[in-house]
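Welcome to the tour. Please open your viewer and get ready to select residues as we go.

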Amino acid sequence: MLHFKTIIEPFRIKSVESVKFTRRDERETAMREAGYNVFRLRAEDVLIDLLTDSGTGAMSAAQWGALMQGDESYAGSRSFFRFRDVVRDLTGYAHIIPTHQGRAAERILFHSVLKPGDVVPNNNHFDTTRANVEVEEAEARDLVIPEGRVPSAIHPFKGNLDLAALERTLEQDGERVPLVMVTVTNNTGGGQPVSLENLRGVRRLCDRYRKPFFLDACRFAENAYFIKKREAGCADRAPKEIAREMFSLADGCTMSAKKDGLANIGGFLAMNDDAWAERCRNLLILTEGFPTYGGLAGYDLEAVARGLEEVVEEPYLRYRIRSTEYLHERLVAAGVPVIQPAGGHAVYIDARALLPHVPPLQYPGIALANALYVEAGIRGVEIGTVMFGLHPDGSETPGPMDLVRLAIPRRVYTQSHVDYVAEAVIGVAGMKDRLRGYRITKAPAVLRHFTALFEPLPA
Ligand code: F0G
């Protein structure tokens, strides 16, 4: 019997979308007109778009077919019950509240349960999660393990929460902690997984201090697959069964179905607590919609329901994790500094290490992301000082790291696209001495990375 080493895409392509090739001078103009902020580019002018893996995936034929089954009734639609049953089968939670995306679930949860001065521990808050905590005048406290803060450190579960630090927080600030969160996988820390053992440790501490425990579950299936590959005793378990255990260790979750829901829009908030669920549903009605659609069309609920079934299929996850790892391997082999090991949904280039001549407050991540666009038409995103360096009091300090994230949309690009990306990154890394820093000319007070305007600094 033959044993194959090649891991192929577990699908064939039924419908294609052309990409537009541009010249370097056209991209230079586009970059200048965008205020040197890749969020402000027209997507049409991007050749390979690795800005995010959120809402950018390709739906399956089964999902497109399910759209036609959407029941658009305002209340009690059949699509809601299909969605609810799939989410409940996966998570086991009693209350399933649809939202239009992840941050809506965050806002509804935090606005319902936080008060000023509260503290929310997490391994690392994602930008919208942090902003939704801070807007309630609460503190978003990042407690990832020390290895999780060092790009070059290798650890199989680099997203783990530091249990000793959590215990200190619960001991010292316990009355100010309404809930504990863990993000799977840990996006801000490099798409790194959290182990079942670590989740069990968080559960034990939450039990001891009587705190509810919520997952930020955006990439739960990728996390489950890492557990299967890396955690003792899990090799023979199905990803779905591992995912169920992850959810069972928590009391609820926020979810963006734009990631591991394999949908272009959607999300949910789920939990066991009746009183919290009632508060959340009341706010949902005010800002999102009736509890059986929560800001989504009936057809969106169908697409998410089907996506949640497909995302835990093993051939899909094997291909998914391997294609990210493949890009990572090529960059490592060429000596490009990247977060180790490969993340689930993205490869993170360590721009601070690559561009030591650009200090953090001159935004090395922006310098690198912008060069990747101008030289190769590839759009990545800075996860660094621009995203995390501005504090609620208006002060600015270097972010924990200065990274450029190349996020891989699900089921969208083929291996030759990835080969092109590797060649481009290696090429740009080779001209690093020519890359310059930037200064901000205009920015809003929160979530500035989305809309800030920049200016290149003179050589
Ligand atoms: N939590 C995590 C860990 C995320 O990565 C995101 C979104 C959210 C919450 C919010 O979900 O976008 O549906 O409102 N991350 C995207 C990204 C935007 O590019 O990483 P949303």
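## Cysteines, then the ligand

Start by selecting Cys234: at 5% relative accessibility, this residue counts as buried (under 20% relative accessible area, with a 1.4 Å probe and protein chains only). What you have open is a predicted model, where local features need pLDDT of at least 70, side-chain atom pairs count only at pLDDT 80 or more, and totals for chains, interfaces and linings use all residues. Residues are numbered from 1 along each chain as its sequence is written, and side-chain values use heavy atoms, leaving out hydrogens and water.

Next, pick Cys218, which is also buried, with a relative accessible area of 10%. Its sulfur is 9.3 Å from the closest cysteine sulfur, in Cys253, so the two are too far apart for a bond. A disulfide here is a pair of cysteine sulfur atoms within 2.5 Å, and the count comes to 0. Cys234 is in no disulfide either; the nearest cysteine sulfur, in Cys253, is 20 Å away.

Zoom in on the ligand's oxygen atoms. One lies 2.6 Å from an N or O atom in the side chain of Ser256. An oxygen atom of the ligand is also 2.8 Å from a polar side-chain atom of Gln101, and one is 2.8 Å from a polar backbone atom of Gly102. Taken alone, the ligand exposes 470 Å², and the protein buries 94% of that (Shrake-Rupley method, 1.4 Å probe).

Notes: A polar contact is a pair of N or O atoms within 3.5 Å; within protein, one must be able to donate a hydrogen and the other to accept it, and residues adjacent in sequence count only if both atoms are side-chain atoms. Buried means under 20% relative accessible area, exposed over 50%, partly exposed in between (1.4 Å probe, protein chains only).
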